[in-house]
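Student: Could you take a close look with me at one part of this model, the aromatic rings and what sits around them? I'd enjoy a guided walk through it.

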Amino acid sequence: MELDPDDVFRDEDEDPENDFFQEKEASKEFVVYLIDASPKMFSSTCHSEEEDKQESHFHIAVSCIAQSLKSHIINRSNDEIAFCFFNTREKKNLQDLNGVYVFNVPERECIDRPTARLIKEFDLIEESFDKDIGSQTGIVSDSRENSLYSALWVAQALLRKGSSKTADKRMFLFTNEDDPFGNMRISVKEDMTRTTLQRAKDAQDLGISIELLPLSQPDKQFNIILFYKDLIGLNSDELTEFMPSVGQKLEDMKDQLKKRVLAKRIAKRITFMICDGLSIELNGYALLRPAIPGSITWLDSTTNLPVKVERSYICTDTGAIMQGLIQRIQPYKNQNVMFTMEELSQVKRISTGHLRLLGFKPLNCLKDYHNLKPSTFLYPSDKEVIGSTRAFIALHRSMIQLQRFAVAFYGGTTPPRLVALVAQEEIESDGGQVEPPGMNMIYLPYANDIRDVEELHSKPGVAAPRPSDDQLKKASALMRRLELNDFSVCQFANPALQRHYAILQAIALDENELRDTRDETLPDEEGMNRPAVVKAIEQFKQSIYGDDPDEESDSGAKDKTRKRKACNADDVKYDYIELAKTGKLKDLTVVELKTYLTANNLPVGGKKEVLINRILTHIGK
Amino acid sequence: MARNREGLVLLIDVGPAMHSVLPDVEKACSLLLQKKLIYNKYDEVGIVVFGTEETGNELAREIGGYEHVKVLRNIRVVDEVVAEHVKQLPRGTVAGDFLDAVIVGMDMLIKMYSGGQKGKKRMCLITNAACPTKDPFEGTKDDQVSTIATKMAAEGIKMESIVMRSNLIGDAHEKVIEENDHLLNLFSSNAIAKTVNVESPLSLLGSLKTRRVAPVTLFRGDLEINPTMKIKVWVYKKVAEERLPTLQLYSDKAPPTDKFAKHEVKIDYDYKVTAESTQVIAPEERVKGFRYGPQVIPISPDEIETLKFKTDKGMKLLGFTEASNILRHYYMKDVNIVVPDPSKEKSVLAVSAIAREMKETNKVAIVRCVWRNGQGNVVVGVLTPNVSERNDTPDSFYFNVLPFAEDVREFPFPSFNKLPSSWKPDEQQQAVADNLVKMLDLAPSAKEEVLLPDLTPNPVLQRFYEYLELKSRSTDAALPPMDETFKRIMEQDPELSSNNKSIMDAFRASFEVKENPKLKKASKRLLRDKPSGSDDEDNRMITYDANENKIDVVGDVNPIQDFEAMISRRDNHDWATKAITQMKNRIVKLVENCTDEGDKALECVLALRKGCVLEQEPKQFNEFLNHLFELCQERKLSHFLKHFTSKKITLIPKSEAPDSDVVDENAGDYFTVKPEPMLES
């Protein structure tokens with residue numbers, strides 16, 4: 001079987017036309033990672049949950065970036081990135097400044113799209129760091145060396161690439177030194193602070209944003225007010241928003257970086273009509289969309305160069321190539337009813353793209369089966385319509401307080417749908433925001449889309465078996481034992497996707513070994529085997545199945561099919577070999593052909609000709 | 001009848017009390033039959049009406065009684081006629097007895113399919129169930145119904161009753177209704193029968209399952225608690241989008257004389273080294289490549305086979321968690337239902353015990369699923385309890401897919417608390433909002449809930465099949481306007497809004513919004529003459545505009561919007577003519593009165609032209625344009641004329657509106673050469 005992402009990751013009936021799910025690459029991004037490599041980054045440590053040991057700040061920064069890099073190459077491979085260490089022993093940069101080292105691999109510009117090789121070598125950077133790059137404090141008051149200043153300069157120079165109109169440019173600064181010029185004489189300190197801040201401001205004026213990812217000492221918080229508040233240009237309001245707790249744990253840092261690396265992209269601008277004469281402006285964001293491996297590019301197997309695919313429409317009657325828009329037909333009432341593409345698109349266009357409020361319902365009216373596709377997150381915007389945010393917040397609060405959701409009609413999808421707007425309160429944890437405040441738009445199915453399966457399994461007049469109190473009690477005990485601690489919805493990596501990229505990476509780097517990917521979605525065997533758990537399961541099983549678990553009461557559906565097959569096999573009416581010899585197999589019906597196939601344990605799929613051929617091959621043996 | 005075919009009898013109440021809803025009943029039934037013609041064309045259908053003056057059914061002839069029940073069509077394969085037929089239901093004159101009709105329908109099905117014919121047998125009863133039923137000759141009504149229902153169950157006949165009660169007069173015979181509801185309930189408990197109460201034409205359209213889909217299991221196997229404890233389950237789709245039928249490509253290349261032409265179109269893919277090259281690469285010379293950063297990595301099928309992620313079919317329980325831990329918006333896809341294997345009584349029990357306990361304690365289960373052997377991926381999802389209200393239905397679980405870590409893009413958004421206070425509502429505003437959320441209520445009680453997804457039909461499908469029917473009769477039939485019934489999902493219920501008028505007014509007054517003056521969006525919006533089909537949200541719909549539907553005059557503030565809204569009003573055809581006339585006056589005024597608003601006048605002319613093309617009123621526009629041209633010449637408004645030329649405003653030619661008597665080449669003629677004959681008007 002071939003691994004075709006279009007097949008593997010799509011259900012049979014998923015709409016290929018619907019590209020709403022796929023993120024559109026709106027613009028590209030240029031990112032420079034500025035990593036402090038001073039001795040202090042190596043000597044300070046903090047606790048890592050994952051590996052359960054003390055990790056140096058440098059290790060935390062580097063492993064966060066390595067992880068972010070991997071998601072970069074998968075999700076946003078058009079972005080260009082560069083790595084720049086400062087406070088280094090060696091220097092490597094175009095400006096030839098001391099204490100700054102731009103890390104790169106062959107076949108790649110300093111700032112360029114990430115390659116497999118870059119990922120691999122960056123993964124190993126800690127092993128060779130001391131030998132090749134080295135750590136050394138680069139801010140020296142006597143010589144007026146200022147590696148932070150130099151690093152900003154180098155980064156800014158790297159980011160000169162690309163137009164600031166079409167691309168986002170950012171620097172991510174990793175450091176644990178909250179007061180870089182703290183130990184200096186006051187005059188020198190003032191001078192250095194001023195020039196460094198000016199440098200940063202110059203960069204910002206060029207449209208480059210500087211983001212700080214500070215690492216705190218276990219005993220001392222990173223104090224942003226000392227210096228960096230001015231460098232990244234925070235005013236006093238934003239200061240409270242800046243999360244100083246970052247950097248306590250490796251996991252938090254990874255989380256932080258992941259969130260910041262993703263640029264916020266508006267999926268859709270939506271006009272929300274609350275009532276006649278009152279419309280507010282919302283932005284829709286696709287916060288949840290299935291990640292799929294990239295599309296397939298066909299390559300010439302001899303040259304490994306991309307192949308040009310041409311599609312042509314050919315008239316089967318004349319062999320002529322069809323040009324332009326082709327008409328469509330629907331056979332109906334013994335004729336072919338013809339539609340132009342224009343007419344079809346007109347049929348589908350029944351509304352403006354607006355979101356129109358219809359009313360409110362209590363939350364329990366939204367059933368678990370009222371779902372079709374991933375939700376869209378809505379957040380208000382005052383950019384075009386002033387007052388939108390206020391109206392939105394008021395509705396948001398009322399809906400949460402009254403435990404109601406809004407029903408609305410949304411014309412922005414094909415077909416337009418009824419949607420449920422569920423208000424979501426902000427949820428925060430130590431690591432930052434877990435759920436943003438806003439509303440989630442849930443696409444509701446139409447009656448046409450809902451199937452009454454339950455009815456199929458009803459036996460009129462025959463009561464379905466219901467559990468006894470004892471069985472319920474055992475089920476309850478089982479559920480308590482099997483409670484998942486700290487389960488969070490997106491904690492699992494997609495094992496198929498992980499494997500897919502591991503394969504790509506191994507082939508790209510000519511590695512013999514496949515990077516190990518763990519399937520996190522498998523049940524926790526160790527936990528399942530704890531005596532208390534085993535006992536609870538055993539008791540539940542006992543209460544349901546009784547002493548003999550194999551003694552399943554069976555009303556015989558399966559037996560019947562088995563019987564039918566068996567009797568068919570005995571029931572060979574024809575001398576197939578004789579028929580085959582005389583070429584008369586084609587006179588039999590498909591059912592009769594299948595009887596033979598079933599009796600001989602052959603596959604029964606395919607058209608009649610295929611079945612005949614299969615029998616002939618079988619007899620031929 | 002083959003196993004997968006269906007014999008259906010429609011039992012339709014056409015008594016006087018039903019007259020007002022019969023047009024909607026006709027619509028729903030004809031859609032049902034249309035879809036059968038396309039998807040299940042071997043299905044067989046009979047139609048019975050009751051409440052008619054005449055009587056016409058076999059039972060009446062054989063044993064007497066069963067009056068006012070008329071068989072319009074005996075059970076036979078669906079054909080063109082029947083879809084037509086059901087659109088012209090007779091209007092009855094007497095109150096019909098639905099029990100009589102049910103017996104007639106059942107009798108038809110039994111006679112037709114006796115002798116162990118396979119296939120599904122179904123009756124669909126549409127009535128208001130507000131008229132009294134006759135007492136049986138012996139025993140009580142309850143006994144009678146139970147007997148019928150048991151017989152139905154024995155014969156494998158299913159019944160679906162749609163009870164339409166929107167238009168009951170206040171003093172309705174409550175006793176009768178109560179009794180009828182009780183009888184219908186009896187059907188449900190003794191046979192596979194369900195009753196749906198509908199309150200509006202919209203839910204009537206939604207309540208009739210028009211597309212019959214054979215249920216197919218997605219998975220049959222074990223729900224594994226641990227390796228020793230397994231529950232046998234089947235998984236089906238609970239929700240799956242019904243789409244428009246896939247239309248075939250059609251080729252008109254074959255000469256008209258060729259009677260055997262298939263008119264089919266084949267799609268060919270050629271793989272070439274370069275676009276110019278004629279050399280085609282054979283399939284075995286191609287290899288799949290995947291993008292990884294700037295590189296494309298070729299992977300051979302062998303490599304894929306040996307390296308790919310391998311899975312074993314099965315559902316494995318990971319554990320339980322609080323329901324509140326799984327926020328509703330994390331559901332990723334359409335929904336599956338996990339039912340216990342009906343032949344395994346112990347599995348039914350086990351599912352039931354867990355589902356009921358989950359419901360009791362507000363817990364959900366997290367499971368890992370692989371639906372097919374060798375499937376290249378796994379899904380992690382959540383099982384939520386679906387505890388049955390019906391005694392004879394086993395309990396089950398709903399299954400929703402949850403996202404993987406890679407599927408989430410967490411962007412931080414500012415806290416509402418941290419926004420400037422001018423962006424936040426004050427106490428009074430909050431109170432107004434509370435009121436709106438409370439009062440604009442779509443579910444005053446569970447019974448009165450409107451816009452239930454389960455009863456709301458898809459407007460696009462409805463429209464397509466309507467159009468298909470029209471086109472089958474005349475190839476160039478125009479696209480029908482949106483059905484009025486669907487207004488109920490596209491805009492607020494006028495009754496609900498007018499009941500809450502003061503609340504809505506208060507809300508509007510408390511939350512004033514204004515366009516940001518710094519944005520010059522207006523200029524962008526001016527020339528809105530985009531090709532229809534573009535995805536621009538601002539591009540107004542001509543056929544139906546939910547926004548400004550009640551506009552009845554072309555004002556001078558937003559003449560274009562008014563005009564577009566007016567011309568698309570479908571409640572009366574006169575609106576189009578009125579809109580055109582008013583727009584013409586508006587344009588003449590704009591041209592006459594001012595010099596600097598040439599742009600606006602021009603805008604209006606463009607809008608008028610577009611409207612006239614859509615309404616197929618070329619003459620109206622062409623005459624007006626000539627008139628306008630004259631006017632400008634008279635008043636020496638040459639700058640305005642220049643705009644005409646630069647914006648290429650032309651007469652509406654034949655190619656855009658077949659009624660036009662202007663040929664395409666002459667469409668621009670009015671401002672270069674004065675076409676004398678056209679100025680008669």
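Which ring does the charged end of B:Arg286 sit over?

Tutor: Happy to! Keep in mind that this is a predicted model. The ring you are asking about belongs to B:Tyr271, and the charged end of B:Arg286 sits 3.6 Å from its centre. Another charge over a ring brings in both chains: B:Lys471 lies over the face of A:Phe339, at 5.1 Å from the ring centre.

Now for rings that pair with one another. Over all chains, a search of the whole structure finds 29 aromatic pairs. One of them joins A:Phe42 and A:Phe129, whose ring centres are 5.7 Å apart; the pair is tilted because the planes meet at 35 degrees. A:Phe42 belongs to helix H2 (residues 39-43) of chain A and A:Phe129 to helix H5 (residues 125-132) of chain A, so this pair ties together parts 87 residues apart in sequence. A:Phe42 is partly exposed at 32% relative accessibility, whereas A:Phe129 is buried at 3%.

A:Phe181 and A:Phe227 make an edge-to-face pair, with planes at 85 degrees and ring centres 5.4 Å apart. Both come from loops of chain A: A:Phe181 from the one between strand E8 (167-175) and helix H7 (186-205), A:Phe227 from the one between strand E9 (208-214) and helix H8 (228-231), so parts 46 residues apart in sequence are tied together. A:Phe181 is buried, with a relative accessible area of 1%, and A:Phe227 is buried at 3%.

Finally, ring pairs link A:Tyr33, A:Phe83, A:Phe103, A:Phe122, A:Phe172 and A:Phe174 into a cluster.

Note on methods:
Residues numbered from 1 in each chain as written. Chains lettered and ligands numbered in written order. Predicted model: local features only at pLDDT ≥ 70, side-chain atom pairs only at ≥ 80, totals over all residues. Heavy atoms only, no water. Phe/Tyr/Trp six-rings, centres within 6.5 Å; stacked < 30°, edge-to-face > 60°. Helix = DSSP H or I, 4+ residues; strand = E, 2+ residues; numbered from the N terminus. Buried < 20%, exposed > 50% of the residue type's maximum accessible area, 1.4 Å probe, protein only. Lys NZ or Arg CZ within 6 Å of the ring centre and 35° of its normal.
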